Amino acid sequence: MTAERMWQAFAAKAGLPKGISFEAWAFGGDPDKLAMLAKTGVKTGTSSAFPLYGLEGEPLPEAGEYSVVLDSKGDAVCVIRTTKVYLAAFSEVGAGHAYKEGEGDRSLSYWRAVHEDFFRREMAEAGLVFDGSMLVACEEFEVVYC
């Protein structure tokens, strides 16, 4: 199903007024696995490298916004609503957020290892350097439609 069709089905079921916007995107790293973790409610958080928002001219997500989560083929998996967004230095992201990301054993040590590698690659591709003081955009969400 396309993102637009899933959004229309959700908006109609939820009785949303016309004109409410949404974003459609896939999780980085392993989009299929992460989308399924979100769909099943295991994954209720995500994070991204804050410096890339300014570089790409993208605004930070905001609480109350909707997104259609896509798989690696661009097919819609679920609709989520952002419930909380905050910035933290990479070295200050806590165990609670790591658990909400739902990956691996859900520990902070697993989160740091996987995300340091991911953020290093992303930052290098943009010509930037990762370090532990880099700000991370931490986002929490709930699945509202599948």
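Which residue forms a salt bridge with Lys 43, the closest N and O atoms being 3.4 Å apart? The partner is Glu 101. A salt bridge here is a side-chain nitrogen of Lys or Arg within 4 Å of a carboxyl oxygen of Asp or Glu. This is a predicted model, in which local features need pLDDT of at least 70 and side-chain atom pairs count only at pLDDT 80 or more, while totals for chains, interfaces and linings use all residues. Residues are numbered from 1 along each chain as its sequence is written, and side-chain values use heavy atoms, with hydrogens and water left out.

**Salt bridges**

- Side chains of opposite charge can pair when their charged atoms come close.
- Six salt bridges are found in a search of the whole structure.
- Glu 101 lies in helix α4 and Lys 43 in the loop between α2 (31–39) and β2 (45–49), so their pair ties together parts 58 residues apart in sequence. Helices (H or I, at least four residues) and strands (E, at least two) are DSSP runs, numbered from the N terminus.
- Lys 43 also forms a salt bridge with Glu 103, with 3.3 Å between the closest N and O atoms. That pair links the loop between α4 and α5, which holds Glu 103, to the loop between α2 and β2, which holds Lys 43, across 60 residues.
- Buried means under 20% relative accessible area, exposed over 50%, and partly exposed in between (1.4 Å probe, protein chains only).
- Glu 116 forms a salt bridge with Arg 120, the closest N and O atoms being 2.8 Å apart. Because they are four residues apart in helix α5, about one helical turn separates Glu 116 and Arg 120.
- Glu 116 is partly exposed at 28% relative accessible area, and Arg 120 is partly exposed at 42%.

**Aromatic pairs**

- The count comes to twelve aromatic pairs. Rings of Phe, Tyr and Trp (its six-membered ring) pair if their centres lie within 6.5 Å; planes under 30 degrees apart count as stacked, over 60 as edge-to-face and the rest as tilted.
- One of them is the tilted pair of Phe 10 and Tyr 66, at 5.4 Å centre to centre and 55 degrees between the planes. Phe 10 lies in helix α1 and Tyr 66 in strand β3 (residues 66–70), so this pair ties together parts that are 56 residues apart in sequence.
- Phe 10 and Tyr 145 have ring centres 5.9 Å apart and planes at 50 degrees, so this pair is tilted. Tyr 145 is in strand β5 (residues 135–145), 135 residues from Phe 10.
- Phe 10 is buried, with a relative accessible area of 5%, and Tyr 66 is buried too.
- A cluster linked by ring pairs holds Trp 7, Phe 10, Phe 22, Tyr 66 and Tyr 145.

**Single positions**

- Arg 106 is not a glycine, yet has a positive phi of about 70 degrees. Arg 106 lies in the loop between α4 (95–101) and α5 (108–125) and is partly exposed, at 22% relative accessible area.
- Ala 11, in helix α1 (residues 3–14), is buried, with a relative accessible area of 13%. The C-alpha atoms of Ala 11 and Glu 122 are separated by 33 Å.
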